[in-house]
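Good morning. Please look at the sequence and the structure on the screen.

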Amino acid sequence: MNRIIRVCLAVLVFSLFGMCQAAPAPVDTGDPHTDRSLIRLDPPEQVAKRMEWFSDARFGMFIHWGLYAQNGCHWRGQDGKSEHMMRHLQIPLREYEKIADEFDPEKFKADEWVRIAKDAGMKYMIITAKHHDGFAMFNSKSSSYNVVVRTPFARDPIQELADAARKQGLRFGVYYSLGRDWEDPDVPTRDGYRSNTWDYPDESKKDFAKYFERKVKPQIKELLTQYGPISVLWFDTPEKISRAQSEELIRLVHTLQPDCIVNQRVGNRLGDYRVAEQSIPEGGYPDPWETCMTLNKHWGYYEGDENWKPTETLVRNLIDIASKNGNFLLNVGPTGDGVIPAGSVERLKEVGLWMKVNGEAIYGTTGCPLKGLAWGRCTKKTTPGGATLYLHVFDWPKNGKLLIPALKNSVESATLLAGGVKLKTSAKDGALTIALPATPPDKISSTIVLKVKGAPVI
Ligand code: FHN
């Protein structure tokens, strides 16, 4: 009997130990949203060249703006819950399009939006050119269901923002809803409920290829030929697109604008970089990647949502993402009259104040081999004959001693980035200790610049 108990205990211990082990690499699910590895159509060096600015930029603005913003995702007094309100309330297209008759954002100023992004330390911006409602927020010759033709505003915000971004030195990109378009009768989507089943109930009649030829390709061509350099084509919801169609789109984009990067939501594991949504992947991804995240709880402007993430969370997310080789695409949802909500502007201003002092430790950095740092994160720049490690200290040690475990390199210097104060270091048993002043320069995260000889050896 004892032997049986021993064997059972052994099995139990090993299985528990196994559960504590690093999770096995996830199996590719075939779902373009979740697969870890991207399939490349171009040689790696060509992709790397295209991606250079992106990895250096690290921080961008996402903008969700469309008819749903007119009344804060509400319709005739009903709560539409989000930018999906047309689907949530099953609003017939003939009714939903009437919102366009009132859409006249007289407070919209492209230069103002770009300045807000620039002052936050953002280096690129991506706006919804067409979201799931199928309404083009640009002058589309191939679909009259667009902001220039159908609204009293009668202006092209994509044109105005592209021009303003270029003038202020930011890169500009566009979001395009690929697999969901509630205006077009031919768009089926996975499990049907994500397509327009209220105006077009018969899913069996829907032919994605017709929509792809009639609307998607012409509009992608318009976006890439009407507005000058487009740095990112940010596709979304690639349900039901075939591998051949995803490939055709990527080749179309890179034929019209070779430097334009395409995210993985072009579908079928293709694309130049990966996307995480509302989350920061534990170990990052092997490919270049970006986390997109809302500032409150909604992508589009939702009346009454004042649940803004604290500035500390935003800054530490940016640092955490950069420490894993990722980019942070932080979203704003402007109102129907063209204003970025005050709660967003306030926090972006505060993030910008931190970036003004510490941006050097984010832009152009890569992840750092120092992992699992209890007090914060680390980013890195390679220098001739060595490296600069940026130590982002969230929790300032009370005893004035910052411990960096297992860094074997010899130290050239250690300084506070804010103010340049030199810091004393000492090495013992393969660990490095940095003596710190009593008060941290920044309560959110203080940066120490640690210059070491040779590539970091952990
Ligand atoms: O359904 C959309 C949603 O409205 C929003 O645009 C996000 C942004 O990444 N993408 C889809 C949800 O994954």
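The largest pocket holds about 310 Å³ of space. A pocket here is worked out on a 1 Å grid over the protein atoms alone, as an open set of points with protein on both sides within 12 Å along at least five of seven lines. Grid points are joined across faces, edges and corners, and the volume is the space filled by probe spheres set on the points.

The model is predicted: local features need pLDDT of at least 70 and side-chain atom pairs count only at pLDDT 80 or more, while totals for chains, interfaces and linings use all residues. Residues are numbered from 1 along each chain as its sequence is written, and side-chain values use heavy atoms, with hydrogens and water left out.

Ala, Val, Leu, Ile, Met, Phe, Trp, Tyr, Cys and Pro count as nonpolar, Asp, Glu, Lys and Arg as charged, and the others, Gly among them, as polar.

Why does the largest pocket lie between domain 1 (44-361) and domain 2 (368-453)? Because both domains give residues to its lining. The domain bounds come from an automatic or database domain assignment.

Next, the cavities. A cavity is a set of points where a 1.4 Å probe fits but cannot get out. The structure holds three of 30 Å³ or more. The largest cavity has about 80 Å³ of space, and 14 residues line it, with Asn296, His298, Trp308, Gly333 and Pro341 closest to its centre. Its lining divides into seven nonpolar, six polar and one charged. The second largest cavity has a volume of about 60 Å³, and its lining includes Ile39, Arg50 and His254.

Last, the ligand. There are 13 residues around it, and His64, Glu83, His132, Asp236 and Glu277 come nearest; near means that a heavy atom of the residue lies within 4 Å. A polar side-chain atom of Glu83 is 2.7 Å from a ligand oxygen atom. For His84, a side-chain N or O atom is 2.8 Å from an oxygen atom of the ligand, and for Glu277 the distance is also 2.8 Å.

Notes:
On a 1 Å grid over the protein atoms alone, a cavity is a set of points where a 1.4 Å probe fits but cannot get out, and a pocket is an open set with protein on both sides within 12 Å along at least five of seven lines; lining residues have an atom within 4 Å of a point. A polar contact is a pair of N or O atoms within 3.5 Å; within protein, one must be able to donate a hydrogen and the other to accept it, and residues adjacent in sequence count only if both atoms are side-chain atoms.
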